[in-house]
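The sequence and structure are shown below.

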Amino acid sequence: MKKMIECNQETRKKACACTYDCSRRSKYCECLENHLSKNQLPGCAFAKISKEAEKSYNRDFEYFAKLVLNN
Ligand code: SF4
């Protein structure tokens, strides 16, 4: 049987690249579910490309695709 990996939310909180004040911070399952349900990606995906893009709080797939294509 495969061992479950423990989700350490305190560690994740420090690693989270999202700057929005949000109750889902460090709760990656909830964060991802929330954004995917709205055809969006979490802030950390945008932060990988640019800190300014992350701070725009535009999380739409289309915006992410434009950022990727322009890099
Ligand atoms: S990416 Fe979205 S859901 Fe996740 S912590 Fe930031 S604002 Fe909250």
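## Backbone features

Tyr57 is located in the loop that joins helix H4 (51-55) to helix H5 (61-70); helices are DSSP runs of H or I with at least four residues, strands are runs of E with at least two, and both are numbered from the N terminus. Although not a glycine, Tyr57 has a positive phi of about 60 degrees. Most residues other than glycine have a negative phi. Tyr57 is exposed, with 11 other C-beta atoms within 10 Å.

Ser26, in the loop between helix H1 (9-15) and H2, likewise is not a glycine and has a positive phi, of about 75 degrees. Ser26 is partly exposed, with 19 other C-beta atoms within 10 Å. By these counts within 10 Å, with C-beta atoms placed from the backbone, 20 or more others make a residue buried, 12 or fewer exposed, and values in between partly exposed.

## Model and overall fold

The model is predicted: local features need pLDDT of at least 70 and side-chain atom pairs pLDDT 80 or more, whereas totals for chains, interfaces and linings use all residues. Residues are numbered from 1 along each chain as its sequence is written.

The chain has 5 helices and 0 strands, in the order α-α-α-α-α. Of its 71 residues, 13% are buried.

## Ligand shell

Around the ligand lie Cys18, Tyr20, Cys22, Arg24, Arg25, Cys31, Asn34, His35, Pro42 and Gly43, each with its C-beta atom, placed from the backbone, within 6 Å of the molecule. Helix H2 (residues 28-36) contributes the most to this shell, with 3 residues.
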